[in-house]
Amino acid sequence: MMIAHLLAMRSGEIISVTRGTPVSEAVALLADRRIGAVPVIDGEAVIGIMSERDVIYNLRSNGAEILGWPVERVMTAPVHTVDPDSSVLAALALMTRRRIRHLPVVRDDRMVGLISIGDLVKARMDRIEAEAQAMREYIQGV
C-alpha cells in the first residue's frame with residue numbers, strides 16, 4: 001500500500017504553523033487538536049516539525065520562557081519527509097530508524113499531508129487482517 005492511498009481516505013485541512021508562531025500557540029494547537037506534532041511551513045515548503053518531545057526537551061533545558069519563543073527555535077530541522085508514492089513499509093522503516101512518530105508527506109517541495117506511526121500501523125494491521133481473511137476463505141472453500 002502506498003502513502004497516497006492513506007491520504008486519499010482522509011478529509012479536512014492540514015494543520016501547520018509558521019516559523020514565527022509562538023510556542024505557546026503551537027502547544028495550544030497540539031492540545032486542542034489532540035495531536036502530537038505540527039509541521040512548520042514557510043510558504044508551501046516544510047522547514048521543520050515541532051513535536052511534544054521538542055517542547056518537553058526545551059522546557060527542561062530553558063524553562064517556561066520557551067513559550068514566548070517562535071516555533072523556529074524549538075522545532076526539529078531539517079525534517080524527514082516521505083513522498084506520496086512511498087510504500088507504507090518504507091515509511092515505517094524510516095520512522096523506526098529515525099525514532100520519529102510523524103512524517104510530512106511532500107511532493108514537488110509542497111506538503112500534501114502528514115502521517116503518523118499510528119496511521120501506518122493501522123494500515124499494516126488492516127492489510128494483514130484482510131490477507132488472513134482471504135486465506136481463511138480460501139481454505140474453507142468459500
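1. Helix packing. Angles between axes under 35 degrees count as roughly parallel, over 145 as roughly antiparallel, 65 to 115 as roughly perpendicular and the rest as oblique. Axes here are lines fitted to C-alpha atoms, for helices over the stretch in contact, and angles run from 0 to 180 degrees between N-to-C directions. Helix 4 (residues 88–98) and helix 5 (residues 117–140) pack at about 135°, their axes lying 10 Å apart. The two helices, helix 4 and helix 5, are therefore oblique to each other.

2. Basis of the model. This is a predicted model, in which local features need pLDDT of at least 70 and side-chain atom pairs count only at pLDDT 80 or more, while totals for chains, interfaces and linings use all residues. Residues are numbered from 1 along each chain as its sequence is written, and side-chain values use heavy atoms, with hydrogens and water left out.

3. Helix contact. On the helix 4 side, Val-88, Leu-89, Ala-91, Leu-92 and Met-95 meet Ile-117, Leu-120, Val-121 and Arg-124 of helix 5 (contact means heavy atoms within 4.5 Å). By class, the residues of this contact are eight nonpolar, no polar and one charged. Ala, Val, Leu, Ile, Met, Phe, Trp, Tyr, Cys and Pro count as nonpolar, Asp, Glu, Lys and Arg as charged, and the others, Gly among them, as polar.

4. Overall layout. The protein chain has five helices and five strands, in the order α-β-α-β-β-α-α-β-β-α along the sequence. Helices (H or I, at least four residues) and strands (E, at least two) are DSSP runs, numbered from the N terminus. Along the principal axes, the C-alpha atoms fill a box of roughly 65 × 30 × 30 Å.

5. Largest pocket. A pocket is an open set of points on a 1 Å grid over the protein atoms alone, where a 1.4 Å probe fits, with protein on both sides within 12 Å along at least five of seven lines; lining residues have an atom within 4 Å of a point. Grid points are joined across faces, edges and corners, and a volume is the space filled by probe spheres set on the points. The volume of the largest pocket is about 430 Å³. It is lined by 17 residues, with Arg-10, Glu-13, Ile-14, Ile-15 and Leu-114 closest to its centre. Strand 5 (residues 110–116) gives the most to this lining, five residues. The lining holds eight nonpolar, six polar and three charged residues.

6. Second largest pocket. This pocket has a volume of about 270 Å³. Of its 16 lining residues, Ile-49, Ser-51, Thr-76, Ile-100 and Arg-101 lie nearest the centre. Helix 3 supplies the largest share of the lining, three residues. The classes are six nonpolar, five polar and five charged.

7. Backbone points to check. Most residues other than glycine have a negative phi, and most peptide bonds are trans. The bond from Ala-77 to Pro-78 is cis, with omega near 0°; Pro-78 sits in the loop between helix 3 and helix 4. Arg-99, not a glycine, has a positive phi of about 55°, and is placed in the loop between helix 4 and strand 4 (102–107).
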